[in-house]
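Trainee: I would like to learn how to read helix packing and nonpolar cores in a model. Please take me through one case.

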Amino acid sequence: MPELPSVAICIPTYNQAQYLLESVGTAVAQTYPNVEVWVADNASTDNTPEVMAQLCQQFPQIRYHRHSENLGMTPNCNWVLSQPKTDYVIRLDSDDAIAPRYVETLVALMQKYPEAGWGHVATQEIDERGQKRAIRRVARKHEFQSADEALQASVSGLRTASSIFIFKAQALREVGFYGDGNLKYSEDYDLAVRMSDAGYGNVYSDDILAEYRVWTDTQKIRPKRKGDQLQAYIWIYNKSFIPAFQRRGWETKVIDKCRQKMALIHAAACFSPIFTTAERAELIALLKELGDSPALRLRLFACSFGLGPMFDWQHHMELKLKGMIKGWLSWLKSTAKVSAGVSS
């Protein structure tokens with residue numbers, strides 16, 4: 001019987017000791033037998049070392065490393081993903097979790113489709129207390145998506161339910177992991193684009209096999225990072241999408257349209273009262289660099305008169321409707337599978 005491919009679950013962490021027992025616990029509880037677990041502690045100042053000492057004593061398959069100084073989020077993530085000598089590596093943040101069949105399911109899909117360089121699953125969104133929120137899904141019919149299909153589909157945004165991914169280790173090394181740290185936002189989006197550009201497709205399971213934690217942003221930290229987010233989108237379109245399309249001889253007008261739509265979506269947020277007049281001017285300049293258009297200028301004008309909340313509500317309702325449709329399509333697909341099984 002051939003040996004099963006080796007898998008490493010890689011967990012970068014910083015000051016999240018309260019979640020490590022759960023995240024590491026789900027990593028060591030996989031039904032797949034050939035798994036090792038790596039935890040990279042980015043010089044945490046909480047009791048992470050004590051928690052990890054307890055876990056390492058209990059589970060010999062855990063490799064724990066503590067950095068003497070904080071490397072930054074992306075370098076720490078790249079470090080831990082580059083350490084294992086396994087066939088596959090999984091990126092799991094220390095406040096997230098995976099179901100027991102996560103590795104078993106995705107390794108089977110990756111082997112079924114050799115052209116795949118990475119994979120992802122439907123995900124249960126949870127809050128900081130572990131309470132269930134929305135279910136995140138990707139609306140697509142097939143398990144496998146080719147590199148070119150993925151590249152075209154992701155122009156309008158990252159088509160995954162979360163940032164919990166499995167990678168073919170060779171493919172991840174080939175594209176340079178999460179890059180050199182230039183991006184402060186949407187590193188997973190950029191990586192997915194570069195994976196597609198390198199010729200790697202991806203696999204997706206519509207089974208809910210992961211839990212992705214979304215924190216209640218009481219201090220309004222996320223909106224304050226709007227500049228980092230817009231700069232990341234500009235970088236991804238300019239440095240990743242456009243060169244990828246040009247290499248294939250594809251028309252880039254679709255990129256321009258998606259950039260303009262992305263700028264429209266984020267326009268209202270730039271008029272939040274948390275921003276000073278100078279900060280708002282900087283954000284508006286970034287919006288125009290991302291995707292200037294007559295529609296954007298009209299929306300900026302409307303937002304300057306206090307109509308931003310209306311556009312935010314409209315976008316929220318669109319996302320909610322998309323989520324309902326994805327859930328409905330998933331139910332239809334599962335019902336069809338059950339019916340086919342019964343009839344056979």
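Trainee: At what angle do the axes of H10 and helix H12 (residues 294-304) cross?

Mentor: Two packed helices are described by the angle between their axes and the distance between the axes. Here the axes of H10 and H12 cross at roughly 5° and come within 9 Å. H10 is therefore roughly parallel to H12, as angles under 35 degrees count as roughly parallel, over 145 as roughly antiparallel, 65 to 115 as roughly perpendicular and the rest as oblique. Axes are lines fitted to C-alpha atoms, for helices over the stretch in contact, and angles run from 0 to 180 degrees between N-to-C directions. Helices (H or I, at least four residues) and strands (E, at least two) are DSSP runs, numbered from the N terminus. This is a predicted model, in which local features need pLDDT of at least 70 and side-chain atom pairs count only at pLDDT 80 or more, while totals for chains, interfaces and linings use all residues. Residues are numbered from 1 along each chain as its sequence is written, and side-chain values use heavy atoms, with hydrogens and water left out.

Trainee: Which residues in H10 and H12 meet?

Mentor: Contact means heavy atoms within 4.5 Å. From H10 come Ala263, Leu264, Ile265 and Ala267, and from H12 Ala295, Leu296, Arg299 and Leu300. They divide into seven nonpolar, no polar and one charged; Ala, Val, Leu, Ile, Met, Phe, Trp, Tyr, Cys and Pro count as nonpolar, Asp, Glu, Lys and Arg as charged, and the others, Gly among them, as polar.

Trainee: How do helix H9 (residues 226-248) and helix H10 (residues 253-267) pack?

Mentor: Their axes are 11 Å apart, at an angle of about 175°, which means that H9 is roughly antiparallel to H10. Among the residues that meet are Tyr237 and Phe241 in H9 and Cys258 and Met262 in H10. The residues of this contact divide into eleven nonpolar, three polar and two charged.

Trainee: Which residues touch the most other members of the largest nonpolar core?

Mentor: In soluble globular proteins, nonpolar side chains tend to be buried together. A nonpolar core is a set of buried Ala, Val, Leu, Ile, Met, Phe, Trp, Tyr and Cys residues joined through side-chain atoms within 4.5 Å; buried means under 20% relative accessible area, exposed over 50%, partly exposed in between (1.4 Å probe, protein chains only). The largest core here has 34 residues, of which Ile9, Val24, Tyr102 and Val103 touch the most other members. H4 gives the largest share, six residues.
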